[in-house]
Amino acid sequence: MKPFLLLATRAEDAAADDEYQAYLRYCRLKPEELVRVRLESGPMPSLELEDFSGVIVGGSPYTSSDPVEEKSPDQLRVEAELSEFLDRIVAADFPFLGACYGVGTLGVHQGAVIDRRFGEPVGATEIKLTGDGEHDPMLQGVPHTFEAFVGHKEACSKLPPNAVLLASSAACPVHMFRIKNNLYATQFHPELDAEGLITRINIYKNAGYFPPHEADELIESARRSSVKEPMRVLRNFTGLYARQ
């Protein structure tokens with residue numbers, strides 16, 4: 001099987017490694033079947049789409065909608081590299097799944113409005129599939145209503161003109177969309193279970209996602225949650241697109 005490609009941007013090793021292990025676990029891949037490139041650590045290497053089965057963009061501390069003058073040089077470089085790579089991915093309708101940061105990257109690339117109107121606090125939230133979502137192969141086996149972990153400062157407030165809305169929540173109208181036939185983005189985290197969220201709460205408690213004094217309460221809430229369904233998105237992605 002040709003490997004899948006994970007494009008990551010988390011500078012903290014603990015967060016980056018935990019994210020990689022979560023994708024291995026829930027995509028049901030072996031390490032040699034998921035190539036990780038940490039874009040925050042240096043320029044994107046030369047990558048050919050034909051070498052991979054599909055591309056995954058993980059979550060990120062970067063915020064696409066921040067003013068340009070507030071973005072670090074590394075963030076500006078990563079955004080430019082991802083945009084150029086997406087030129088090729090979208091033109092080829094190549095299998096792509098962007099999780100959380102994927103809404104910002106694929107959304108901006110395709111003309112969405114990404115802003116802070118529909119951010120959601122850290123924790124579990126109820127997601128509902130649209131009619132199109134119920135019939136999309138990437139959501140096969142996912143119930144109409146399910147819980148997923150979220151925590152984002154920005155979101156898509158206006159879909160790209162060519163996008164199909166697949167899932168929403170009460171607080172965030174765009175939780176998953178599709179471009180063409182094979183390009184997907186989720187606002188929720190399909191890779192996050194309770195322990196993964198707890199890891200990120202501890203690492204990012206001073207990153208502005210929540211008041212630091214609420215960390216213990218958020219951890220207890222995560223432990224009480226029953227988030228099990230979003231991972232099916234990852235299994236469906238690798239099941240649909242794995243190729244020789």
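Biologist: Of the contacts in the chain with a separation of 6 or more, what share comes from residues 24 or more positions apart?

Modeller: 76% of them. Contact here means heavy atoms within 4.5 Å. Bear in mind that this is a predicted model: local features need pLDDT of at least 70, side-chain atom pairs count only at pLDDT 80 or more, and totals for chains, interfaces and linings use all residues. Numbering runs from 1 along each chain as its sequence is written, and side-chain values use heavy atoms, with hydrogens and water left out.

Biologist: How many helices and strands?

Modeller: Seven helices and eleven strands. Those are DSSP runs, numbered from the N terminus: helices are H or I with at least four residues, strands E with at least two.

Biologist: What are the spans along the principal axes?

Modeller: About 45 × 40 × 35 Å for the C-alpha trace.

Biologist: And how much of the chain is buried?

Modeller: 56% of the 244 residues. Buried is under 20% relative accessible area, exposed over 50%, partly exposed in between, using a 1.4 Å probe and protein chains only.

Biologist: New topic. Where is Thr186?

Modeller: In strand β11, which covers residues 183–186.

Biologist: Buried or exposed?

Modeller: Thr186 is buried, because its relative accessible area is 0%.

Biologist: Which residues does Thr186 touch, leaving out those up to four places away in sequence?

Modeller: Leu97, Gly98, Ala99, Cys100 and Val103, plus His175 and Met176.
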